[in-house]
Amino acid sequence: MKEILEILESDARLGAEDIAIMLGMDKEEVRRVIKELEDNKIILKYITLVNWEKAGNEKVMAMIEVRVAPQRDVGYDAVAERICRFPEVRSVRLVSGAYDLAVFIEGKNMREISNFVATKLATIEGVLSTATHFILKTYKQDGVMFEDGEKDRRLAVSP
Amino acid sequence: MKNQSSWSSYVNPLVSSMPSSGIRKFFDLVSGTKGVISLGVGEPDFITPWHIREACIYSLEKGYTMYTSNQGLFELRQAIAGDLEAAYGVAYDPGKEILVTVGVSEGLDLAVRALVCPGDEVLIPEPSYVSYAPCVSLAGGKAVTIPTVMEEGFRITAEKIEAAITPRTKILLMCYPNNPTGAVMDRRSLLEIAEVVKAHDLLVISDEIYSRLTYVGEHTCLASLPGLRERTVLLNGFSKAYAMTGWRIGYAAGNPDFIAAMTKIHQYTMLCAPITAQMAALEALKNGRLAMTQMVQQYNRRRLLVIHAFREMGLPCFEPGGAFYAFPEITRTGLSSEEFAEQFLKEEKVAVVPGNAFGPSGEGFVRCSYAASVEDLSEAFRRMASFCRARGVRPKTILGPRSFAGEKKPAAGQATG
């Protein structure tokens with residue numbers, strides 16, 4: 001199971017048939033395991049990592065440090081879940097250190113994002129403060145370097 | 001005034017009579033073609049793990065730019081000794097029994113030159129790596145090749161060796177896991193070979209550069225067999241296991257007399273292996289295990305894909321147990337090795353190496369390296385399947401150490417996920 005997850009994490013397009021061959025497993029067995037992983041939400045989604053900047057698509061991303069007053073019984077969860085519901089929010093993580101939630105937001109332009117923070121995020125009950133950091137450039141995401149200079153430089157044929 | 005071509009008569013006849021590598025010719029052909037997927041590459045598609053590169057950079061920053069002792073950094077030799085003992089249970093004294101070389105290539109040349117006298121015969125199982133026979137010839141020895149066949153998994157047997165022995169036979173040169181066939185040897189066959197070696201008072205040069213890339217069974221180090229340690233020069237290195245081909249760093253291990261003799265040549269010709277590569281090799285041995293294991297796992301997955309692909313397209317192929325090569329037989333296409341490689345390159349833009357580049361017994365085969373991405377492999381084999389189909393090849397069998405239960409039907413279409 002771990003091996004199937006590793007393979008899919010590195011290339012989600014590989015089908016059950018190829019994975020079965022690579023792991024010396026039965027095709028149907030691999031299908032069954034993948035289905036189970038999907039049903040149990042261990043595999044949540046198959047997505048594509050896109051370099052939008054290169055595609056000529058201007059998007060603005062920001063990382064917002066959010067300080068939150070934890071609530072009895074639920075701690076940070078209730079506020080975090082509320083923040084999650086906004087489609088502008090790409091990711092929400094509880095972190096240790098000077099602030100509590102690291103929230104990534106995507107928008108068409110800076111105004112849209114500052115608007116969202118000022119009117120939606122900062123006004124949520126329990127949110128004590130926010131600090132917005134606009135993303136200037138992405139070098140690496142999910143283990144992938146965006147401008148990778150390490151191409152295949154091997155000779156085409158060697159002994 | 002002499003014209004330029006006449007200078008060739010000044011070249012040592014030993015060198016001018018030496019055929020240039022069959023790979024070279026094919027390389028020029030491939031280089032002239034654009035957009036080629038190459039399965040002709042004899043090196044890992046991984047780049048040296050970053051921690052190894054970083055350690056080397058740090059060593060440069062700290063000013064490690066000087067010669068080392070002829071035998072190499074003592075700390076590195078210690079690490080090599082530790083690694084050999086842990087992996088294969090064979091102990092060497094880092095002080096007198098290990099020599100750090102500029103890749104296995106140098107180690108091989110040193111071993112051959114230190115041991116071969118003019119007229120001595122060296123037994124080489126074939127298909128074989130391209131440099132063995134030329135190295136023996138340069139040392140004044142005679143390379144005696146012993147053909148191995150697909151039906152026997154390209155393994156060499158004690159009987160075949162015994163049959164090739166003459167009063168001039170001095171050395172058996174082994175390379176398992178094998179380039180180009182991917183063959184591996186099992187311990188029992190090696191024990192039988194060890195008996196023949198001892199009975200005829202032979203020496204062994206064992207190139208085990210692919211030892212870590214063993215997928216079926218466990219690698220047996222020849223020097224670890226009873227009575228063989230003293231008779232064997234063990235050659236290994238970092239190129240394949242740690243994806244460090246361009247660093248040119250390897251080592252030889254053997255009895256103190258052999259290593260001293262090799263060191264003598266090494267000190268006059270090479271002085272020492274580059275210190276930067278030695279520093280990197282040390283880091284590889286100290287902290288490289290995880291990255292190596294991951295790379296080996298990747299190779300093995302691709303290996304299984306490749307075996308499957310050959311079975312589906314109907315090219316007989318022995319299941320390779322090591323290295324990163326498959327060596328399918330292509331005679332069913334009605335083509336020779338070179339014709340196959342050339343036409344396949346022209347029509348489908350995929351490069352494979354003609355089997356006869358590895359000796360006459362490689363005729364009828366091509367070498368496909370699976371040190372390539374899964375994506376490239378899938379595409380290359382899709383093209384190979386259509387290339388073979390157009391020449392009347394129909395799915396049949398694959399030979400290998402494992403038996404495959406039940407023939408599978410040819411793939412109706414490409415799997416999508």
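In chain B, the centres of domain 1 and domain 2, taken over C-alpha atoms, are separated by 25 Å. Domain 1 of chain B covers 19-47 + 291-389, and domain 2 covers 50-287. Domain bounds come from an automatic or database domain assignment. The model is predicted: local features need pLDDT of at least 70, side-chain atom pairs count only at pLDDT 80 or more, and totals for chains, interfaces and linings use all residues. Residues are numbered from 1 along each chain as its sequence is written, while chains are lettered from A and ligands numbered from 1 in the order in which they are written.

The two domains of chain B touch. Domain 1 of chain B gives 30 residues to the contact, and domain 2 of chain B gives 31 residues. Two residues are in contact if their C-beta atoms, placed from the backbone, lie within 7 Å. On the side of domain 1 that touches domain 2, the elements that give two or more residues are H11 and S9 of chain B. Helices (H or I, at least four residues) and strands (E, at least two) are DSSP runs, numbered from the N terminus. H11(B) provides the largest share of this side, 6 residues. By class, this side of domain 1 of chain B has 17 nonpolar, 9 polar and 4 charged residues. Here Ala, Val, Leu, Ile, Met, Phe, Trp, Tyr, Cys and Pro count as nonpolar, Asp, Glu, Lys and Arg as charged, and the others, Gly among them, as polar.

Chain A is also divided. Its domain assignment gives domain 1 (2-39) and domain 2 (60-141). The C-alpha centres of these two domains of chain A lie 35 Å apart.

The chains meet through 26 residues from chain B and 18 residues from chain A. On the side of chain B that touches chain A, helix H2 (22-31) and helix H11 (289-313) of chain B are the elements that give two or more residues. H2(B) gives the most, with 5 residues. This side of chain B comprises 15 nonpolar, 8 polar and 3 charged residues.

Chain B contains an open sheet of 7 strands. Their order is S2-S8-S7-S6-S5-S3-S4 (chain B), and the pairing is mixed. Two strands pair if DSSP finds at least two bridges between them. Strand S2 (98-101) and strand S4 (142-147) of chain B stand at the edges with a single partner strand each, so one side of each has no neighbour in the sheet. From one strand to the next, the twist averages 20°. Within this chain, strand S5 (residues 169-174) and strand S6 (residues 203-207) of chain B pair in the parallel sense over 4 bridges. Opposite Leu203(B) in S6(B) stands Ile171(B).

Helix H4 (residues 74-88) of chain B lies across S2 and strand S8 (250-253) of chain B, at about 110° to S2(B). Axes are lines fitted to C-alpha atoms, for helices over the stretch in contact, and angles run from 0 to 180 degrees between N-to-C directions. H5(B) lies across S2, S5, S6, strand S7 (232-237) and S8 of chain B, and runs at about 165° to S7(B).

A further open sheet of chain B has 3 strands in the order S9-S12-S11, with antiparallel pairing. Its edge strands are strand S9 (325-326) and strand S11 (353-354) of chain B, and each pairs on one side only. S11(B) and strand S12 (residues 366-369) of chain B run antiparallel and are joined by 2 bridges. Val366(B) in S12(B) is the bridge partner of Pro354(B).

Helix pairs were examined next. Two packed helices are described by the angle between their axes and the distance between the axes. The axes of helix H5 (residues 103-115) and helix H9 (residues 256-269) of chain B come within 9 Å and cross at roughly 110°. H5(B) and H9(B) are therefore roughly perpendicular to each other. Angles under 35 degrees count as roughly parallel, over 145 as roughly antiparallel, 65 to 115 as roughly perpendicular and the rest as oblique. In H5(B), Leu110(B), Ala111(B), Arg113(B) and Ala114(B) meet Phe258(B), Ala261(B), Met262(B), Ile265(B) and His266(B) in H9(B). The residues of this contact of H5(B) with H9(B) are 7 nonpolar, 1 polar and 1 charged.
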